[in-house]
Amino acid sequence: MSEFLRGVGRMVTADRVIDARGSFCPGPLMEMIRAIKTAEVGQVVEVLTSDSGSRTDIPKWAEKAGQELVEVVSRDGGDAILVRKVK
Amino acid sequence: MPKRLLVVGSGTAGLMVANLVARALESQIQHHEVEVTVLGERDDYIYQPGFLYVAFDLMDPRSLVRPVRDLLHPRVRFVHDRAERVDAASNTVVTQGGVNLPYDYLVLAIGSRIRPEDVPGLAQEAHWFYTLEGAEKLREALKGLQGGRVAISVGIPHKCPVAPVEFTLMLDAWARTRGLRDALEITYTYPVARAHTIPAVAAFAEAEFERRAIKVETFFNMESVDTEAHVLHSQEGTDVAFDLLVTVPPHGGDALGGASGLAGAGNWYPTDRQLLQVQGHENIFAVGDTTDLPVSKAGSVAHFESEVVADNLVGLLSEGRRPGHTYAGRAFCFIETSLEEATYISFDFQHPPVVPTPSRSIHFFKQTYNQIHWANLKAVI
């Protein structure tokens, strides 16, 4: 479980965290898609990534796929990107 | 009492770990200080990278299959049975045949399975080259192909992530040699915003696809197949009509995981990315497709992971030495780019892949590797 503050005093908890730092193949976006596929509606998946392209790739995919981008934050020398499965 | 290593799985990872350990500890096995057992559902081993060639009738399927017993070190015991569940509390694996196999150290190398049934209509309508039977069926379909629309689709997750690019480029080259290319409309679909998950491979593939007049549909995640209208629907709302659909089906882990309580979502095993131990179990290792690691599900990954796990097991079994060898995300994948040329990617967690210019010599090396693999499996080289 991973927790951090989002906005002012709001806490978002990831139901599943995937450390995809250093992953070139299948890569952070594919890890996100894979995890969202098996998640329950309402659950939040967090992918840790060291790939700067993920900051645009994952939000772009989430929008296209109709899933909710919860947050993108810098953490542990990379980015933590959280997506909630909404359908 | 000998130290017992039990390897579950008789595929690439399972055979390599067992053979590497047996070769290093021959004397200890001979003196009954160590036992190495492989538990395998299959008693024949199939060289899966050959399926791509079978589809284009470039390889005899019989050349891809060898008995597991012939590939195992003579001092490794082989039990032909399916693992039913792992009882980690008592360090025992229970087989479908009702046999209890106790272990001191366990290696899970149970691979992955295609799951075309996860996409409605896909199993009935699509061809694939991810099983021997599927590759032979696709070969027959291609033999009868006179023209029309060929669509390629990709499920997530899947094994051998460069295979859809390879198949598409080989299909183009194959059709040209048969004078069929002008009669074919080839459409390559892919789940993300570019033609491959690796940016360097995507850039290479997109340039090749454009040069060869192959259509590309990105952001295409399979939703369902209309088996009457022959249309593939995506979750993103786009459709591709086809006369021949070739898919890389989505994959899943082995149900064994679910029954044992060790596996996570998708039946993949939560695995430490450096030591390859199943999380929470220092004496259980996971190797190859079965891990939940963010690395390619590919033969080369199974190979490099096997070396790390085998080195650590040799230390544990012979001296009780704590594991110190670590996996660094190493992978190497050939990419066939036609029937005569190939390129490759080589990378790890620290070094991103680049795509060298395709050449005949790399293709030749790949053809050579197809033979070298058998020696690799036996841990001879």
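Of the 87 residues of chain A in this predicted model, 53% count as buried, where buried means under 20% relative accessible area with a 1.4 Å probe, protein chains only. The accessible surface of chain A comes to about 4000 Å² (Shrake-Rupley method, 1.4 Å probe), and 49% of this surface belongs to carbon and sulfur atoms.

Chain A has two helices and six strands, taken from DSSP runs (helices H or I, at least four residues; strands E, at least two). Along the sequence they follow the pattern β-β-β-α-β-α-β-β.

In general, nonpolar side chains tend to be buried together in soluble globular proteins. A nonpolar core is a set of buried Ala, Val, Leu, Ile, Met, Phe, Trp, Tyr and Cys residues joined through side-chain atoms within 4.5 Å. The largest such core has 119 residues, and Trp61(A), Val21(B), Val107(B), Phe129(B) and Leu313(B) have the most contacts inside it. Helix H10 (residues 299–319) of chain B gives this core its largest share, ten residues. The core lies between domain 1 (3–112 + 253–328) and domain 2 (117–250) of chain B because both give residues to it; the domain bounds come from an automatic or database domain assignment.

Beyond its neighbours within four places in sequence, which residues is Leu313(B) in contact with? They are Leu5(B), Val17(B), Val21(B), Tyr105(B), Val107(B) and Phe285(B), contact meaning heavy atoms within 4.5 Å. A second, separate core of 18 residues includes Leu6(B), Val8(B), Val79(B) and Leu262(B).

Residues are numbered from 1 along each chain as its sequence is written, chains are lettered from A and ligands numbered from 1 in the order in which they are written, and side-chain values use heavy atoms, leaving out hydrogens and water. As the model is predicted, local features need pLDDT of at least 70 and side-chain atom pairs count only at pLDDT 80 or more, while totals for chains, interfaces and linings use all residues.

Conventions
Buried < 20%, exposed > 50% of the residue type's maximum accessible area, 1.4 Å probe, protein only.
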